[in-house]
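Me: Could you take a close look at a single part of this structure for me? I would like one connected picture of a helix and its surroundings.

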Amino acid sequence: MPIRQQLLVFTSSVVILAMLIVAAVSSVVFRNLLTHSAMSYLETASYSAEELLQSRREQVAAVVARDAEKEDLYLLLETGEETALTARLLEYQQLWPFIDFGVFLDADGTPLACLPEQRRDCGAVFSPYLPMLEEEDAALSGMALLPIDSLFQDGSAAAAQWQIPLEDGEGAYEQALANLVAVPVRGAEGQLCGYLLLGTGLPVYAFLTTSLPLLLLMEVWLLCHMFSDFRDVSTLSALV
């Protein structure tokens, strides 16, 4: 082979090898940039979601904490006026349309009234939080995983809205992530009359698809707590 052709082949090989090296390095750098960008977005989005959820908890807690001190409310709990208590829950839901569930419990944790489509015996869902409410004697708020089938009536629209289909398409995840606010209600003499609990369910895809940060937070939270005790109350905290 003439020396000119050998030089041409050698030069072409060097150029092609250099291009391959540049392409490989560029691919790695680009992938790293995308990963860093995605992680930065997730971090920012999770902060935004947490701020939004905390803001909602503070809005609700500020109002229900004041209501819990009013005579008309603890008298309703003492007499067990279900119609009036249900009407109060509906007023809360009208004031905050993001409220998905609400319940009044008596001092023993027995449900006195709840929002439509909730199970009338849903008190057991919230029993782990009641000792904290008695001890703190203040509005508590935080994230919680709640059992859907124990909270909502079977076949109800609310239950379907909360359900997360399993990846294999068979069945649905039995727990739902909720933004929860709870407050004890005491009488004129400081005696415990009952409890008020309000909350928002996060796995509502019609809402979350327009609020990606909340969807990301829900997925991250579920992953972090997938194998933890679903009734752990450590995520609830007193509001100052």
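Reply: Happy to; here is a walk around helix α3 and its packing against helix α2. Please keep in mind that this is a predicted model.

Let's start with the helix itself. Helix α3 covers residues 82–95, which makes 14 residues. From the first C-alpha to the last, α3 reaches 20 Å, close to the 20 Å expected at 1.5 Å a residue.

Next, its two faces. L85, T86, R88, L89 and Y92 are the buried residues of α3. They sit on the same side of the helix, because the arc they cover around the axis is only 155°. Turn to the face away from that buried side, and you will find the exposed residues T83 and Q94.

Now for the neighbour. Helix α2, made up of residues 71–79, packs with α3 at an angle of about 135°, and the two axes are 9 Å apart. An angle over 145 degrees would count as roughly antiparallel, and 65 to 115 as roughly perpendicular, so α2 and α3 are oblique to each other. As for handedness, their crossing is left-handed. On the α2 side, the contact is made by D72, L73, L76 and L77, and α3 contributes A84, L85 and R88.

Putting the two views together, L85 and R88 are among the buried residues of α3 and also take part in the contact with α2.

Conventions:
Residues are numbered from 1 along each chain as its sequence is written. This is a predicted model: local features need pLDDT of at least 70, side-chain atom pairs count only at pLDDT 80 or more; totals for chains, interfaces and linings use all residues. Side-chain values use heavy atoms; hydrogens and water are left out. Helices (H or I, at least four residues) and strands (E, at least two) are DSSP runs, numbered from the N terminus. The expected span of a helix is 1.5 Å times one less than its number of residues. Buried means under 20% relative accessible area, exposed over 50%, partly exposed in between (1.4 Å probe, protein chains only). The arc is that of the directions from the helix axis to the C-beta atoms. Axes are lines fitted to C-alpha atoms, for helices over the stretch in contact, and angles run from 0 to 180 degrees between N-to-C directions. Angles under 35 degrees count as roughly parallel, over 145 as roughly antiparallel, 65 to 115 as roughly perpendicular and the rest as oblique. A crossing is left-handed if the near helix is turned anticlockwise from the far one by less than a right angle, and right-handed if clockwise. Contact means heavy atoms within 4.5 Å.
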